[in-house]
Amino acid sequence: MSERIVRVASGQGFWGDWQEAPKLQVRTGPIDYLMLDYLAEITMSILQKQRERDPAAGFARDFVPLIAGLTPELLGRGIRVVSNAGGVNPGGCRRALFEAVAEIPTSRPLRVAVVSGDDLMDRLDSLLEDGHEMRNMETGEPLSTVRDRVQAANAYIGAAPIIEALRMEADVVITGRSTDTALTYAPLIHEHGWAADDWDRIAAGVVAGHINECGAQATGGNTLFDWRGVDLEAPGYPIIEMAADGTFKVTKHADLGGRVTWATVTEQLVYEMGDPVEYITPDCIADFSTIQLRDLGENRVAISGVRGRERTGMLKVSIAYRDGWKATGSLVYAAPDALDKAIRADEILRARLERLGLKFAEIRTEFVGAGACAGRSPDLLPEAVRQGLPEVELRVGVRSADRDAVERFTRELAPLILAGPPSVTGFAAGRPRVQEIMAYWPALIDRDAVERDLEVEVSHA
Amino acid sequence: MKIRLERIAIARSGDKGDAANVGVIALIADAWPILVREVTEARVGEHFAAVCKGRVERFELPNLGALNFLLHESLGGGGTVSLMLDAQGKTFASSLLELEIEAAEEIVSLCDRVRTGELPGR
């Protein structure tokens, strides 16, 4: 029993990731579970908006044809799927999946679980009345200050409902705002029978989940170590091979591209990291300073020694609220003196906005190609480089509580083509789009206030 | 000798709200003390002075030969509020690797051999 290895493969690192990856994970070699992460902080508010327009929407639509197409192979090989594709409408996601699967011949009906209860939108007022203030973790303000503008509110939930769904023999588990890492560690807890207070082993699962949750970023994508040498045309996404004792290996299918080394895995370990000794999840606090990593060669990296501590009594809540409007547009200026022309155009644009008396919370100008990325600036360019720039993109963004002001801004870029500095192009995309800003409000809530309402329900196609 | 940080380290960056995170990883175990000595909160703050409006926090991960930095108030409000081209801090990592540091020549040449694949690295 202790020798048993459970393989959890990563198939999507975000909504919009490479669609071939999950298919290759299923078809190229042995795996036990396929995890698919679709949700980022911004995603929930987008999905909530979609659901307002159409009650049947509000989930990651890509998931449906993907899983429907894979169903015969998933059932044939006994591979189970865990995904947060449900967004703000996991039930709707399952209905769409059942409709799609109905047209596909399968060996037996697909059993699909829906986990719900993370969505706090409908009970936000009663939670506030009960004294759950959900203060902003950064500013300390209570949620009541922006209550009327809240667009989405979801608790990051842990492994328990996913484990329950797997016990109920679901082939596919669809959740809402499950913690990204739980999509990997819930099946590991289930398969290895780890106790709910086995903090070290659960922490090992969290580390595995962190490696899996960004897809190819752990297998050679985005690597700064020998990036020219990595074959990324058809990369293998990461696969975790977890032993019962909480030690594991990171690998990929041998027949696919990509690369698994100490460098690719360590880069992913430090990605989006805060305090490494306090990596807080709903099911434990993992200590990343205890990770022992060994490169075994041949695309295998061994991880051991992971320690964890008791989980906290709180869950994190991801809240999105409407916070004004923004738009960003650009024009391209060509040499000679490309940067000087772009700077002049920016001055003219700002003067015109000023004359119109428009109020903005922020106007931001960046000169793409002359130092717009972090730590760089046109001011830092040596004179010879500045003079030699073949072209520069002037990129201007504005933000305001006044939608009309932002709308008017979008009409002030095009006039610069005829009534501005010379050698200008790059306006083919047309007027910039006015976007509503969905600001992020991170908060904490008592675990019990959420977990008493979590539901798991399995049905088959 | 004076070198750019990229000779002895790799890095990756991302966002945590309005803070950018930059993890820096030594190519060999012997390069780790150089990171600790040279890549200080003060120097990182200076390097990102144009974008970092808040404080810089450094965390040590000797087990991974890594340092993790949080650069607070660096992403123009973060998430969907930000008007920045790099609102998620993705390019902070390669920028930090341009930092000039002092390093012993023998360590640098060992790191060069890791890069060419002659030596295995960490």
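Analyst: Happy to. Helices here are DSSP runs of H or I with at least four residues, and strands are E runs of at least two. Read that way along the sequence, chain B goes β-β-β-α-α-β-β-α-β-α, which comes to 4 helices and 6 strands. Keep in mind that this is a predicted model.

User: And how many helices and strands does chain A have?

Analyst: Chain A has 13 helices and 19 strands.

User: How do you know that chain B agrees with a compact globule?

Analyst: By its radius of gyration. For 122 residues a compact globule would come out near 14 Å, and chain B has 15 Å, so the two agree. The C-alpha atoms of chain B fill a box of roughly 45 × 25 × 25 Å along the principal axes.

User: What makes chain A agree with a compact globule?

Analyst: The rule puts 461 residues near 23 Å, and chain A has 25 Å, so that agrees as well. The box for the C-alpha atoms of chain A is roughly 75 × 55 × 50 Å.

User: Why is Leu36(A) called buried?

Analyst: The cut-off for buried is under 20% relative accessible area. Leu36(A) has 0%, so it's buried. Leu36(A) lies in strand 2 of chain A. Beyond its neighbours within four places in sequence, its contacts include Pro22(A), Phe63(A), Ile67(A), Val82(A) and Leu183(A).

User: Why does Arg94(A) count as buried?

Analyst: Arg94(A) has a relative accessible area of 9%, so against the under-20% cut-off it is buried. You'll find Arg94(A) in helix 4 (residues 90–101) of chain A. Not counting residues up to four places away in sequence, it touches Val112(A), Ala113(A), Val114(A), Ile174(A), Glu457(A), Val458(A) and Ser459(A).

User: What makes helix 7 of chain A "mostly covered"?

Analyst: The count: 9 of the 11 residues in helix 7 (residues 182–192) are buried. Among them are Ala182(A), Tyr185(A), Pro187(A) and His192(A). The buried residues of helix 7 pack against strand 1, strand 2, strand 3, helix 6, helix 8 and strand 7 of chain A. After helix 7 comes Gly193(A), with a positive phi near 65 degrees.

User: Which residues touch the most other members of the largest nonpolar core?

Analyst: Ile211(A), Leu5(B), Ile8(B) and Leu71(B), in a core of 117 residues. Helix 8 (residues 199–212) of chain A gives the largest share of this core, 8 residues. There's also a second, separate core of 32 residues, with Tyr38(A), Ala68(A), Val81(A) and Val172(A) included.

User: What is Leu5(B) in contact with?

Analyst: Setting aside neighbours within four places in sequence, Leu5(B) is in contact with Val24(B), Leu35(B), Val39(B), Leu96(B), Leu97(B), Leu99(B) and Ile101(B). Contact here means heavy atoms within 4.5 Å.

User: Last one: where do the positive and negative charges sit on average?

Analyst: In chain B, the mean positions of the 14 positive and 18 negative charges are 3 Å apart. Chain A has 51 positive and 69 negative side chains, with centres 4 Å apart.

How values were computed
Residues are numbered from 1 along each chain as its sequence is written. Chains are lettered from A and ligands numbered from 1 in the order in which they are written. This is a predicted model: local features need pLDDT of at least 70, side-chain atom pairs count only at pLDDT 80 or more; totals for chains, interfaces and linings use all residues. Side-chain values use heavy atoms; hydrogens and water are left out. The radius of gyration is taken over C-alpha atoms; the globule rule is 2.2 Å times the number of residues to the power 0.38. Lys and Arg count as positive and Asp and Glu as negative; His and the chain ends are not counted. The place of a charge is taken as NZ of Lys, CZ of Arg, CG of Asp or CD of Glu. A nonpolar core is a set of buried Ala, Val, Leu, Ile, Met, Phe, Trp, Tyr and Cys residues joined through side-chain atoms within 4.5 Å. Buried means under 20% relative accessible area, exposed over 50%, partly exposed in between (1.4 Å probe, protein chains only).
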